[in-house]
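Subject: Structure handover

Hello,

Here is the structure I said I would pass on. My notes on it follow below.

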Amino acid sequence: MNKRNTTISICKAIAIILMVMGHADCPSVLSNFLYEFHMPLFFMAAGYFFSLRYLDDEATFVKKRLRGLYLPFLKWSVIFLVIHNLWFRIGVLNEQYGNWTGGVTHPYNWHQACQRLWNMVSAMGGYDEFLLGAFWFFRGLLVASILYLVVFKLVRRLWLRYRPLTAPDDMAYRLWMPLLACLVPMLLAGWKCAEGLKVITLVQGGYRELMGCFFFGCGFLFRQWQHLYRPRWWTTAACFAIVCLFSVSLTANMNWRSSFEQFLSLPLPAICGCLMTYDVATRIDRHEHSRLRRFLVYLGDNTLCVFVFHIISYKVVSVMKILYYDLDWRQIGCHMVIHDHAADDFFWVPYTIVGVGLPIACQYLISHFISLNRSRV
């Protein structure tokens with residue numbers, strides 16, 4: 001891999017494309033497949049960059065996490081809160097059409113808006129569920145990464161109590177401590193699912209954060225032993241087969257209401273799916289002058305704009321679908337996409353293309369415009 005870790009950027013790009021595809025009412029066979037691993041892949045990609053130096057420099061790590069996750073979450077959550085009622089006035093949202101279960105959203109009064117603001121600041125909740133439905137990830141990754149740091153420090157303290165002469169380049173730091181730091185949150189997640197427990201201080205109960213911590217640690221472990229892993233066609237095929245097998249027989253994902261069986265079913269296909277994606281990304285990354293590679297690297301380095309704007313971008317395709325099927329114009333308010341005819345049409349394809357392409361194109365144009373202005377000054 002090169003110094004910029006463009007392979008990991010490509011992995012993140014593939015993950016964000018799969019996320020947008022999954023939100024676009026793609027066929028259930030495809031949806032079940034990609035949900036096995038696409039969100040764990042984000043956590044593993046983040047854990048890949050974790051450094052042991054943060055064990056003795058906690059403040060830098062926490063500040064970095066807050067700056068990269070909490071502040072963007074808060075900024076965009078508040079912006080969408082301020083303009084929430086405006087969406088109703090212009091017809092983007094309405095109280096007649098909502099999600100596939102029949103739930104709808106409503107304009108906020110002053111008290112509701114204030115309460116949501118408090119939830120955003122204090123618990124990273126309260127965001128607009130219909131337009132920012134993927135925002136749980138910001139909270140999940142923030143808590144998961146800080147929790148991993150805390151668990152790793154505790155594991156190290158216990159380890160050094162009995163082996164005080166352990167060197168930083170020892171096998172303990174490369175394998176045993178990171179492995180134990182992965183197992184702790186995984187066991188806690190299993191306990192939580194088996195007993196139906198909730199972390200009452202975390203929105204949605206904490207399952208995503210605990211499993212996110214596990215996958216974050218898996219990413220760090222992979223970084224330590226990456227030099228021993230050589231992607232081959234048969235490893236990619238084997239990982240693909242395992243993900244397929246689980247997606248049709250023991251479907252699981254990072255749903256916050258996961259059962260104990262789903263908890264047990266998630267780690268293996270998720271890790272295999274991440275390795276499969278890494279194999280594909282490695283092959284793409286070898287073609288340095290490929291347009292596909294350049295696009296995926298740029299997308300992987302700018303996933304934030306897609307996270308924030310892919311749902312609102314879907315509305316462009318919803319207009320097309322309304323015109324094509326002569327549907328009620330209020331269906332543009334459906335979450336996340338229009339559900340009529342979703343089982344027998346291919347509108348999930350343009351939903352995916354626009355959901356990824358429109359935000360990243362705007363990001364590119366804005367960045368290019370800013371860089372041009374700076375060069376003229």
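I start with a pair of helices. The axes of helix 1 and helix 2 (residues 28-35) come within 10 Å of each other and cross at roughly 140°. Helix 1 is therefore oblique to helix 2, as angles under 35 degrees count as roughly parallel, over 145 as roughly antiparallel, 65 to 115 as roughly perpendicular and the rest as oblique. The axes are lines fitted to C-alpha atoms, for helices over the stretch in contact, with angles running from 0 to 180 degrees between N-to-C directions. Helices (H or I, at least four residues) are DSSP runs, numbered from the N terminus.

On the helix 1 side, the contact (heavy atoms within 4.5 Å) is made by L18, M21, G22 and H23, and on the helix 2 side by L30, L34 and Y35. Five of these residues are nonpolar, two are polar and none is charged. For these classes, Ala, Val, Leu, Ile, Met, Phe, Trp, Tyr, Cys and Pro count as nonpolar, Asp, Glu, Lys and Arg as charged, and the others, Gly among them, as polar.

A note on the source: this is a predicted model, in which local features need pLDDT of at least 70 and side-chain atom pairs count only at pLDDT 80 or more, while totals for chains, interfaces and linings use all residues. Residues are numbered from 1 along each chain as its sequence is written, and side-chain values use heavy atoms, with hydrogens and water left out.

Next, the cavities. A search of the whole structure gives two of 30 Å³ or more. A cavity here is a set of points, on a 1 Å grid over the protein atoms alone, where a 1.4 Å probe fits but cannot get out; lining residues have an atom within 4 Å of a point. Volume is the space filled by probe spheres set on the points, which are joined across faces, edges and corners.

The largest cavity holds about 120 Å³. Helix 3 gives the largest share of its lining, four residues. That lining has ten nonpolar residues, one polar and no charged.

The second largest cavity has a volume of about 30 Å³. Its lining includes D25, K321 and D345, and by class it has seven nonpolar, no polar and three charged residues.

Two backbone details remain. H335 and M336 are joined by a cis peptide bond, with omega about -10°; M336 lies in the loop between helix 14 (303-325) and helix 15 (348-376). M124 is not a glycine, yet has a positive phi of about 55°.

Regards

Methods
On a 1 Å grid over the protein atoms alone, a cavity is a set of points where a 1.4 Å probe fits but cannot get out, and a pocket is an open set with protein on both sides within 12 Å along at least five of seven lines; lining residues have an atom within 4 Å of a point. Helices (H or I, at least four residues) and strands (E, at least two) are DSSP runs, numbered from the N terminus.
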